[in-house]
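Here is a short note for someone opening this model for the first time. Please keep the structure in view while reading the points.

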Amino acid sequence: MNGLVLVVQIGLFCVGLYQLILSFWGFRIRDRKKEKKHREPEKTFAVLVAAHNEEKVIGPLVDNLMSLDYPKELYDVYVICDNCTDRTADIARRHGAIAMVRRSELRGKGHAIEWMLNELWRMEKTYDAVAMFDADNLVAPDYLLEMNDDLLSGAKVVQAYLDTKNPADSWVTAAYGVTYWFCNRLWQMPRRALGMANFLGGTCMCFDAELLKEMGWGATSLVEDLEFTMRCVRRGVYPRFNYDAKVYDEKPLTFRASARQRLRWMQGHFEVARRYFFPLLWAGIKERSEERRVG
């Protein structure tokens, strides 16, 4: 038993040391906004919002998305009204979005996105990229400009800076705010600086349309963001993090609501780990061995 405990302690120490060393690259950030120049808008976007009975929040988000600092002819806003029993679709249309009504026994955000993408590919109008949001988000005005920059520089999958929309509402939401700062500054940014794969955060994600058509969505687990990240890495496509594109997500106010949400996500994490951990580990070992032989 002592030997087992020692092995676990060594493993946790290695994980903590790895995170500590990695985090040093997160402090090398200066204020780039003042000197940064955006490239000319070229990419066209289909902006998707997954919504299930979101009549209370969908209007402000659509207004927010319709007023982004990007040519209006280069993007359209689609609200996926997934098995809604309220006025989500009517409110979305009233505020200028295209409401896509879905009725299906297959419930969940992943299935709704997969359905919407299939509908999108059948349309006459085509898009260069697809951006995805949740119904309770708030998006910075320059979001699409930032995504346009990354796509033009060769990125295929981009994750924006995800922050808390309501950090002052309770100690739980304040804790989320601290967690997001840590993840963005000391986890995501160092991985971007070192050329490593970033992870997707479930919302404010942007994808090259041709890549989505080629891969298919296929992420229908409880954590579709992590699942798609694993599929990208497996194909050699590394998601990129954009520190300057800010999106704010509303968080639960109480510990009980937060715990239920986290428990559901952890179930999804275990499922994704079961499917992808060992195949990706083995692929990484093989790739490193081949590099050494070539070297």
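**Notes on the predicted model**

1. Start with helix α1, where Q19, L22 and S23 are buried. Buried means under 20% relative accessible area, exposed over 50%, and partly exposed in between, with a 1.4 Å probe and protein chains only. Seen down the axis of α1, these buried residues fall within an arc of 110 degrees, so they line one face of the helix. The arc is taken from the directions from the helix axis to the C-beta atoms. The face turned away from the buried side carries the exposed residues N2, V7 and F13. Among what covers the buried residues of α1 is α6 (171-193).

2. A word on the basis. This is a predicted model, in which local features need pLDDT of at least 70 and side-chain atom pairs count only at pLDDT 80 or more, while totals for chains, interfaces and linings use all residues. Residues are numbered from 1 along each chain as its sequence is written, and side-chain values use heavy atoms, with hydrogens and water left out. Helices (H or I, at least four residues) and strands (E, at least two) are DSSP runs, numbered from the N terminus.

3. How far does α1 reach from its first C-alpha to its last? Helix α1 (residues 2-23) has 22 residues and reaches 31 Å, close to the 32 Å expected at 1.5 Å a residue. The expected span is 1.5 Å times one less than the number of residues.

4. Next, the core. A nonpolar core is a set of buried Ala, Val, Leu, Ile, Met, Phe, Trp, Tyr and Cys residues joined through side-chain atoms within 4.5 Å. The largest one has 40 residues, and F45, I58, L65, V79, F133 and Y143 touch the most other members. Elements that give two or more residues to this core include β1 (45-51), α2 (58-66), β2 (75-82) and β8 (240-249). The most comes from α5, with five residues. Apart from this core lies another, of 24 residues, among them L48, I113, M116 and C232.

5. V79 deserves a look. Leaving aside neighbours within four places in sequence, V79 is in contact with V49, A51, I58, V62, T88, A92, A97, I98, A99 and M100. Contact means heavy atoms within 4.5 Å.

6. Now the rings. Rings of Phe, Tyr and Trp (its six-membered ring) pair if their centres lie within 6.5 Å; planes under 30 degrees apart count as stacked, over 60 as edge-to-face and the rest as tilted. The count comes to 10 aromatic pairs. Y78 and Y127 form an edge-to-face pair, 6.2 Å centre to centre, with 90 degrees between the planes. Y78 lies in strand β2 and Y127 in the loop between α4 (109-121) and β4, so the pair ties together parts 49 residues apart in sequence. Y78 is buried at 4% relative accessible area, and Y127 is buried at 8%.

7. K246 meets two rings. Its charged end sits over the ring of Y161, 4.6 Å from the centre, and over the ring of Y243, 4.8 Å from the centre. The rule asks for NZ of Lys or CZ of Arg within 6 Å of the ring centre and within 35 degrees of the ring normal.

8. Helix α8 (residues 224-234) is mostly covered, with nine of its 11 residues buried. Just after α8, G236 takes a positive phi of about 80 degrees.
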